[in-house]
Each structure stands twice: as C-alpha cells, then as structure tokens.
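The points below are numbered and may be read beside the sequence and the model.

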Amino acid sequence: MDDAEDVIGAQELRRRYGPRGAGGFEAVRGLSFEVRRGEVFALLGTNGAGKTSTVELLEGLAEPSGGSVRVLGRDPFRERAAVRPFTGVMLQEGGFPADLTAAETARMWAGCLSRAPGSRAGRAAAVSSALDRVGLAARAGVRVKQLSGGERRRLDLALALLGRPRVLFLDEPTTGLDPRARRDTWEVVRELRERGVTVLLTTHYLEEAEALADRLAIMREGRIVAAGTPAEVAAREPARIRFDVPAGPLAAGLLPEGTTAAVRGGRVELRTRDLQRTLLELLLRARDLGVALPGLDARSASLEEVFLTITRDGAHGAAEHEGTAQAAGAPARDETEVTAP
Ligand SMILES: Nc1ncnc2c1ncn2[C@@H]1O[C@H](COP(=O)(O)OP(=O)(O)OP(=O)(O)O)[C@@H](O)[C@H]1O
C-alpha cells in the first residue's frame with residue numbers, strides 16, 4: 001500500500017442519487033480535501049448536509065458520480081479488494097444479528113477480515129482486546145438484542161478496530177453514548193492517532209470535533225463551507241469582550257477607536273478580530289479614565305458559534321458567510337449600538 005502523506009484525498013467529489021435533472025438529487029457537490037497520515041479529520045454539518053454520502057464514497061461503498069477519491073493511494077471503489085483490508089469502518093447503523101452475543105459477533109467479524117490473526121486463539125485474543133478497549137469486556141456474553149443502544153455503538157467501534165486498520169472511518173461514533181462512554185471513545189481515537197492511524201469521523205457534537213480533530217470541514221448542502229484546524233475555523237467569527245454597563249453614562253473615550261459595542265441586558269459587548277489588541281486598549285483606557293469594568297469576560301469565538309452562523313438561513317451559500325464579520329457586528333433588535341468616536 002502507498003504510504004503517501006495524504007492517506008485520503010478527494011478532488012471535486014460528487015454523488016448523485018437518482019437520475020440527472022428532475023427526480024435526482026446531488027448530495028455531494030464538488031468536495032475537495034485531503035487527510036494526512038495520522039490525522040484525525042472531522043466532517044461536520046447539519047442533518048442532510050452530505051456527510052454520510054461522502055464517507056460512503058471514501059469507504060468505497062459507492063462510486064462517485066463525479067470527481068475522484070483516493071484512499072492509501074488507490075481508488076476505494078474500483079480497487080476495493082486492495083484497500084478494504086487496511087480500513088476500519090463504523091457505519092451509522094451496525095445491523096448485527098440480534099441473537100449472537102457481543103463476543104460471537106466480534107469473532108464472526110474477525111473471521112471475515114483478511115488482516116485478522118489466522119489462528120483461532122489469535123482471533124479470540126484480538127476479539128477480547130477489542131471488546132476490552134471499548135469497555136464491553138463484561139458484556140461479551142450478552143446477546144446483541146439485549147445490549148443498550150450505546151453498547152451496540154461501542155460494539156460497532158470494537159468491530160472497526162479488529163484487523164488493525166490504517167484508516168478508520170467513524171460515522172457518528174458517539175451518538176447515543178453517555179458522557180463517560182463518549183470520553184472513553186475519545187481516548188480510543190487519541191490512542192489510534194498516536195499509533196499513526198488516520199481517522200475520519202463525522203459528528204454532531206462540536207465539542208467532540210474541538211477535542212479530537214486536527215482539522216475539520218463543515219459541510220452544508222453538499223459543499224464544504226469552512227475548513228481548517230478547529231482554531232482556524234473558530235477564528236472566522238469575531239471574539240467577544242463583555243462587561244457590565246459601568247455606573248453612569250458610558251464614559252466617552254472608553255471604547256477603543258473603531259470598535260462598535262452593543263448594550264444588551266445591562267452588559268456591554270464588544271466584538272473584535274484582534275482580541276489581544278482591543279482588550280489591552282480597553283483596559284488601558286479604563287485605567288486612565290478610572291472606570292471599573294465589573295464582570296469582564298473576553299473569549300474567542302467557539303466552533304459552535306461559527307457552525308450556527310454558517311448553517312443559519314439554509315438558503316444561502318458560502319459567499320454569505322464571507323460577510324459575517326460585518327453581519328455579526330450589527331446590533332440585534334433589543335440592542336443599543338454604541339460607537340467609539
Ligand atoms: N439513497 C438515497 N436516495 C436519495 N437521496 C438520498 C439517499 N441517501 C441520502 N440521500 C439524501 O442525500 C442528502 C445527504 O444525506 P446524508 O445522509 O449524506 O447526510 P448527512 O450529512 O450524513 O446527514 P445526518 O447528519 O442526518 O446523518 C439528504 O438530503 C438525503 O435525503
């Protein structure tokens with residue numbers, strides 16, 4: 001297998017369901033991105049944005065209707081037999097035989113993998129290690145139909161780990177997991193990354209993407225509308241500085257030049273693209289004017305804020321997002337705008 005730095009590469013990738021034109025639907029509309037070796041890459045987006053449709057193309061489960069995709073240097077659809085042994089896949093819905101136990105399910109699965117240990121004892125060891133890794137060791141003898149939704153999700157992950165994959169596709173791996181099990185799954189993903197495994201995951205939990213992803217892409221309507229490290233993507237929205245409205249009128253000269261503040265619910269909110277400079281300027285001015293800033297709070301935008309902005313008003317494309325710096329600065333209906341002279 002090719003050990004190229006880019007383990008996954010998509011160029012102008014498209015996926016259409018049904019016929020061209022009326023009656024058909026293009027769910028993936030020209031995606032280009034790459035995932036490097038040992039990276040955790042998260043695909044985010046609203047329901048129906050096209051994440052699963054994309055992941056299925058990367059897994060080789062469907063043929064693109066346009067563009068190209070490479071996994072480990074090969075075409076995952078046309079060269080599926082060569083690529084599949086090196087990939088681990090956790091689909092959104094597992095679909096296990098309900099009457100098998102967790103351990104039987106994993107043994108059956110291990111028997112289907114070309115890279116699983118050949119001997120029965122080797123496979124048994126791999127199965128118990130995978131079940132242990134996802135916290136299911138004590139549930140190994142329980143039938144699948146008696147496992148909880150979260151336990152089935154963890155069984156899914158255990159199966160994806162069997163066969164020592166170089167690339168792991170995890171479609172919403174922590175949906176339905178309790179907070180403890182979710183953190184444990186994050187640990188599994190981090191350990192895999194340390195071992196050089198490349199992970200592509202989809203998730204609706206933005207804190208999960210923030211905690212795990214080296215890079216991420218936010219999809220909307222089949223397209224990537226923002227991409228980068230979590231910090232880079234979060235930086236698309238301005239940072240905020242907030243403090244309680246000081247006693248008396250807002251002192252002239254308090255706000256740094258060129259900034260606009262909104263007053264809402266007794267709090268002053270300043271938005272800035274240069275948090276450090278604006279905060280320093282504000283503090284110096286407050287000191288010089290002898291103004292206290294009770295409840296002072298300064299923070300960068302979160303991934304969630306960016307996500308909500310990008311996915312707001314579903315009708316508009318990425319170009320609309322380019323203007324959010326201005327839009328975000330505009331006061332809402334219940335706000336009063338205060339502009340520095
Ligand atoms: N087999 C199919 N036939 C027709 N349309 C489909 C098919 N599968 C998915 N779609 C449509 O493609 C679009 C993208 O679906 P997809 O499942 O890829 O989204 P997603 O981002 O994974 O959503 P979710 O977060 O809800 O899992 C949706 O509008 C969906 O209705």
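1. The domain assignment divides the protein into domain 1 (6-233) and domain 2 (235-339), the bounds being taken from an automatic or database domain assignment. This is a predicted model, in which local features need pLDDT of at least 70 and side-chain atom pairs count only at pLDDT 80 or more, while totals for chains, interfaces and linings use all residues. Residues are numbered from 1 along each chain as its sequence is written.

2. Between the two domains, 14 residues of domain 1 are in contact with 10 residues of domain 2, where contact is taken to be C-beta atoms, placed from the backbone, that lie within 7 Å. The elements that give two or more residues to the side of domain 1 that touches domain 2 are α7 (206-212), β8, β9 and α8 (230-234), and α8 gives the most, with 4 residues. By class, this side of domain 1 has 9 nonpolar, 1 polar and 4 charged residues; Ala, Val, Leu, Ile, Met, Phe, Trp, Tyr, Cys and Pro count as nonpolar, Asp, Glu, Lys and Arg as charged, and the others, Gly among them, as polar.

3. The secondary structure of the protein comes to 12 helices and 14 strands, read as DSSP runs (H or I of at least four residues for helices, E of at least two for strands) and numbered from the N terminus. Of the 341 residues, 35% count as buried; a residue is buried if 20 or more other C-beta atoms lie within 10 Å of its own, exposed if 12 or fewer, and partly exposed in between, with C-beta atoms placed from the backbone. Among contacts between residues at least 6 apart in sequence, 72% join residues at least 24 apart.

4. The largest nonpolar core has 70 residues, and those with the most contacts inside it are Ala42, Ala106, Ala158, Leu200 and Ile218. Such a core is a set of buried Ala, Val, Leu, Ile, Met, Phe, Trp, Tyr and Cys residues joined through C-beta atoms within 7 Å. Helix α5 (residues 149-161) gives the most to this core, with 6 residues, and the core draws at least three residues from each of domain 1 and domain 2. A second, separate core of 7 residues includes Leu255, Ala261, Leu270 and Leu282.

5. Strand β8 (residues 215-220) deserves a point of its own, with 5 of its 6 residues buried.

6. Which residues surround the ligand? They are Tyr17, Phe25, Ala27, Gly45, Asn47, Gly48, Ala49, Gly50, Lys51, Thr52 and Ser53, a residue being near a molecule if its C-beta atom, placed from the backbone, lies within 6 Å of it. The elements that give two or more residues to this shell are β2 and α1 (51-59), and α1 gives the most, with 3 residues. The shell divides into 4 nonpolar, 6 polar and 1 charged. In α1 itself, 8 of the 9 residues are buried, and just after this helix glycine 60 takes a positive phi of about 80°.

7. Most residues other than glycine have a negative phi. Glutamate 12, in strand β1 (residues 6-17), has a positive phi near 50°, and this residue is partly exposed because 13 other C-beta atoms lie within 10 Å. Leucine 72, in the loop between β4 (66-71) and α2 (80-83), also has a positive phi near 50°, but leucine 72 is buried, with 21 other C-beta atoms within 10 Å.
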